[in-house]
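Biologist: Could you take me through this structure, starting from the overall fold and moving on to individual residues?

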Amino acid sequence: MCGIIAYLGKKPAQPVLIEGLKRLEYRGYDSAGVALLGSGAIRVQKTGGRISALEQILDEPNAAETFGIGHTRWATHGEPNTVNAHPHLDFTGKIAVVHNGIIENYGTLKTWLQSEGTEFASETDTEVITALIGYFYAKCNENEGQLNGQNKFEWAVQQALREVHGTFGLAIVCSDFPDMLIGAKKGSPLILGVGDNEYILASDAAAIVEHTQQAIYLSDNEMVTIGPDGFHTKTIDNVTVSKDLTEIEFSLEQIELGGFEHHMLKEIFEQPKALQTCMGGRIDRQNHRIKLGGIGSYLRALTRTKRLILTACGTAFHAGLVGEFLFEQLARIPAETEYASEFRYRNPIIEDGTVVIAISQSGETLDTFAAVQEAKQRGATVLGIVNVVGSSIARETDAGIYLHAGPEIGVASTKAFTGQVAVLTMLAIELGRRRHISSDQADKHVDELAQIPDKINTILTQSERIKEIAAANIDKDNWLFLGRGFNYPVALEGALKLKEISYIHAEGLPAAEMKHGPIALIADGMPAVFVATAGPQYEKIMGNIAEVKARGGRIIVVATEGDENIRAHADHLITIPDAPEHLQPMLTVVPLQLLAYHAAVLRGQDVDKPRNLAKSVTVE
């Protein structure tokens, strides 16, 4: 969740670090800092608040300081303030660390270090890592026979990390080694960008692409040491590992705003193109087939599977719910969707023939990654649906399908949701063709799916109209979102979007459940957003609309184009093109994304950096 950036090269490091931190702002943070090396000493400057506050206290860049580390912190242990901000120094002032993750045994380690005479300045678990490295570094002279040809800095890092339990992405420097940078990873992303006589170590490729497209992705329990003779990778237990350079799949241009006011709005409008890219090469319209090469060798096992479990968090969980309905309706495979954060703690039943599908935009969501590991330990075949190539979940699963939706910078996920649903739809159609539906039926599904991007384009033309609807309702602090069937998960997603960025309280429900309690909330023009498109439950949801309207609710409806009947019942109407019910979520979610976006902007909120949130949740 925190952002890590480190630079070792020929340029002044400070501007590179600050620009890198700005590209990591979307991950969420509440303080920031840098540590710079030049003349042999480490110079640390840090503060609570935004990067703009850090910039105000920074000295002018020093051309001699061509090496440094930077950090944006999302508070876990200790409140967000300057003292708890990273980087942290050890007791000698020689070692500085920035850290993403949580050290679970930091209390025990801190007590032991204090008994050894170490004093602590902060409340963070990170300072414990720093102090532990410093402790072993000071002991190196007593243990020279154990160094095995390593320098004492690298040896001290390895000794310390063997004592640590939890997750970490680390960048570590030592003033005695002013041309050496060490990175280490366990459960938190860390990428090394390899440029022309320069190296950029970061928690996200977004901080690297301005400098190089060439990178290596560290795996768990691996570390990288960068020095004058290049970089070397090994395990924390000092076993050399070979890593291949790979190309970062997106460009700097793709993570710029490109004329839009916010990344979220840009990504909402990118959805037609993102879906075309996601489906390109996979939908063969000429032969009416779907090709999913990433899982090709597992399709027979999937066809025979007795049960599917989809596991995810947040927006990806809502996509998984749509997938559950798709697999059961199109492929006739029993399916269930599990919160990844609960999956590994409830002793899940994994029977022979169970396939688990993990869904994550970043591929780094810690809860989802842990669910993948749990499912594998219990013998399940585990597939991944992720957006970020080379991410931890992509590497840990048996096989998977990439979204190819391009980088998503907005914290509130939009194009990843429609991409996830598109991939699940393609997979469900292909499994249905193999198990249950005729080739003619599959052909029709494929043709209808291919039309979705153009249909989204027509919805996007209503953005200004949706803005007017948001403006008429943002004075209300409690909203309901209601849908049935395939649009029930869309109601959940619409409520989540409004909560995430506008801070309006919203609740998503199956429309029929409203009268089993939540209808008590309806009063005084409370906005109720109904997804009431054409489908088998249309008459039922019309009844739900009447129930809310009779109790004074303000009715906002997402309906199918040409539905004149519903107009009389709606205070505000948004329409979508007609589509089969199982494809509607990719359409009905778009107005709700725009509604949340405009509500947040009109309320003066920072849409791309909502409070307390992070793009990739890499802590438990």
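The questions and answers below concern a predicted model.

Biologist: How many helices and strands does the protein chain have, and what radius of gyration goes with them?
Modeller: The secondary structure of the protein chain comes to 19 helices and 26 strands. For 620 residues the globule rule gives 25 Å, and the value of the chain is close to that, so the chain is as compact as a globular protein of that length. The radius of gyration in question is 26 Å.

Biologist: What box do the C-alpha atoms fill, and what percentage of the residues is buried?
Modeller: Taken along the principal axes, the C-alpha atoms of the protein chain fill a box of roughly 80 × 55 × 45 Å. Of the 620 residues in the protein chain, the buried ones make up 61%.

Biologist: Which share of the contacts in the protein chain joins residues at least 24 apart?
Modeller: The contacts considered here are those between residues at least 6 apart in sequence. Among these, the share that joins residues at least 24 apart is 72%.

Biologist: Is helix α1 mostly covered or mostly open, and which elements do its buried residues pack against?
Modeller: Helix α1, which spans residues 13-23, is mostly covered, with eight of its eleven residues buried. These buried residues are A13, Q14, V16, L17, I18, G20, L21 and R23. They pack against β1 (3-8), β2 (31-37), β3 (42-48), α2 (51-57) and β4 (67-73).

Biologist: Which residues are linked with R23 in a network of salt bridges?
Modeller: A search of the whole structure finds 27 salt bridges. R23 is one of the buried residues of α1, and it takes part in a network of salt bridges. The residues linked with R23 there are E19 and E210.

Biologist: Which parts of the protein chain does the salt bridge between K549 and D571 tie together?
Modeller: The closest N and O atoms of K549 and D571 are 3.7 Å apart. K549 lies in helix α18 (residues 538-550) and D571 in the loop between β25 (554-560) and β26 (572-576), so the pair ties together parts that are 22 residues apart in sequence. Both residues are partly exposed, K549 with a relative accessible area of 35% and D571 with one of 37%. The parts asked for are therefore helix α18 and the loop between β25 and β26.

Biologist: Which residues does D179 touch, leaving aside those up to four places away in sequence?
Modeller: D179 has its place in the loop between β7 (168-174) and β8 (181-186), and it is partly exposed, with a relative accessible area of 38%. Its C-alpha atom is separated by 7.4 Å from that of F67, although these residues are 112 residues apart along the chain. The residues touched by D179 are L8, F67, I226, G227 and P228.

Biologist: Is the peptide bond from H86 to P87 cis or trans?
Modeller: P87 is placed in the loop between β4 and β5 (88-89). With omega near 5 degrees, the peptide bond from H86 to P87 is cis.

Biologist: What is phi of H404, and what is phi of D524?
Modeller: H404 is found in the loop between β21 (399-402) and α13, and it is partly exposed, with a relative accessible area of 30%. D524 lies in the loop between β23 (505-510) and β24 (527-531), and it is exposed at a relative accessible area of 67%. Each is a residue other than glycine with a positive phi, which for H404 is near 55 degrees and for D524 is near 55 degrees.

Note on methods
Residues numbered from 1 in each chain as written. Predicted model: local features only at pLDDT ≥ 70, side-chain atom pairs only at ≥ 80, totals over all residues. Heavy atoms only, no water. Helix = DSSP H or I, 4+ residues; strand = E, 2+ residues; numbered from the N terminus. Rg over C-alpha atoms; globule rule 2.2 N^0.38 Å. Buried < 20%, exposed > 50% of the residue type's maximum accessible area, 1.4 Å probe, protein only. Contact = heavy atoms within 4.5 Å. Salt bridge = Lys/Arg side-chain N within 4 Å of Asp/Glu carboxyl O.
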